[in-house]
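Please look through the structure below before reading on. The paragraphs that follow take its sheets, helices and charged pairs in turn.

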Amino acid sequence: MPEPAQAEEVNKMFGTVVVGVGIAGLARIRDLMNPMPSSPSEHLKLFGFVSRRSFGNINEAKQISLEDALRSKEIHAAFISTENRTHEETIRMFLEAGKHVLVEYPMALSAKAARELWEMAEQKDKVLHVEHIELLTEEYKQLKKEVAGKDLVKGTLHFTGSVLDENKAGFPAFSGIARLTWLIDLFGDLTVTSATREKQKDKNYSRMTVHFQTANKKPLTWIEERGPGMRREKKINFCFTSGCLENFPQAPKSAVGLFMQDQNLFAKKLLGQVSKEELAAEKWRILRCLDLAEVIQQHCEQPEKICS
């Protein structure tokens, strides 16, 4: 049930702006201009987009300045699709201007900054929603069903992908936080037991290996590997007392796109249609993953111990 104070939100329209027009930003513009019929997204109205580059218009969406977006009384919410390193500053600006915020993951590149932003949103009574579309894929939904109720013995999640510019994307534990989110969502809270990183600068290659323990002291490993020409794919090997899962279960294709699903969830939050329990669980998961990402980065950046 919506909170009484939010009941009047049900008929409300929320003016939105998209900040950043890379792949995600363009998808956001498309979905805001073509909301799913009879979905919460019909309460969102796109007023324009902000970009450092000059576009003029994109599919009838007009380009506006950052200052106008922050100042406009008609804009109630910002969709932040900029590079990772600028998320923190951009979220802060829009919250300070009294706007709701949807931001692509990771919301910040430090756990402290993320907590400060969350507190700020709560103080201002604004929705701060972090996109985690990796939890919305049919592949993941099927995997979660497959894993449910099984006792883990050990497991590995291995991701490969092309090279990222770390100056823009952040340390791999942050840019790859979607993998960490999967592990926390599947197996509950984790503790980092060790983390190392191999880098071959001349080959533009990087491999981060993280070892965790579950609350039941079972080992989990996350490998994040990137290099030129590496295919984007995930491999799993989860062993349970009942047997091992080495391939993703077959999953149907979703009728609704991932960004649209995420947009509907954001709109539901604006309309007060998401329970306090769900919001609290999501906040815990997001901040916990960022805490762990920071611990992983600290482990990886420790100077090598030299044994004499």
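Two strands pair if DSSP finds at least two bridges between them. Helices (H or I, at least four residues) and strands (E, at least two) are DSSP runs, numbered from the N terminus. The model is predicted: local features need pLDDT of at least 70, side-chain atom pairs count only at pLDDT 80 or more, and totals for chains, interfaces and linings use all residues. Residues are numbered from 1 along each chain as its sequence is written, and side-chain values use heavy atoms, with hydrogens and water left out.

Thr-16 has Ala-77 in β5 as its bridge partner. Contact here means heavy atoms within 4.5 Å. Axes are lines fitted to C-alpha atoms, for helices over the stretch in contact, and angles run from 0 to 180 degrees between N-to-C directions.

Another open sheet is built from six strands in the order β9-β10-β11-β8-β12-β13, with mixed pairing. Its edge strands are β9 (190–200) and β13 (243–245), each pairing on one side only. The twist here averages 10° from one strand to the next. Strand β12 (residues 233–240) and β13 run antiparallel and are joined by three bridges. Phe-238 stands opposite Leu-245 in β13. Helix α5 (residues 138–147) lies across β12 and β13, at about 10° to β12. Helix α8 also packs on the sheet, where it touches β8 (152–161), β9, β10 (205–214), β11 and β12, and its direction makes about 160° with that of β11.

UniProt, in an unreviewed entry, places the feature "domain: Biliverdin reductase catalytic" at residues 140–252. UniProt positions are given in the numbering used here, feature names are shortened, and annotations may be inferred rather than shown by experiment. Over residues 140–252 the chain is 24% helix and 44% strand, with the end C-alpha atoms 11 Å apart.

Side chains of opposite charge can pair when their charged atoms come close. A salt bridge is a side-chain nitrogen of Lys or Arg within 4 Å of a carboxyl oxygen of Asp or Glu. The whole structure holds 18 salt bridges. In one of them, the side chains of Asp-262 and Arg-28 meet at 2.7 Å, N to O. Asp-262 lies in helix α9 (residues 258–270) and Arg-28 in helix α1 (residues 23–33), so this pair ties together parts that are 234 residues apart in sequence. Buried means under 20% relative accessible area, exposed over 50%, and partly exposed in between (1.4 Å probe, protein chains only). Asp-262 is buried, at 1%, and Arg-28 is buried too, at 0%.

Arg-179 and Glu-224 also form a salt bridge (2.5 Å, N to O). This pair links distant parts of the chain, with Arg-179 in helix α8 (residues 177–187) and Glu-224 in strand β11 (residues 219–226), 45 residues apart. Arg-179 is buried at 4% relative accessibility, and Glu-224 is buried at 2%.
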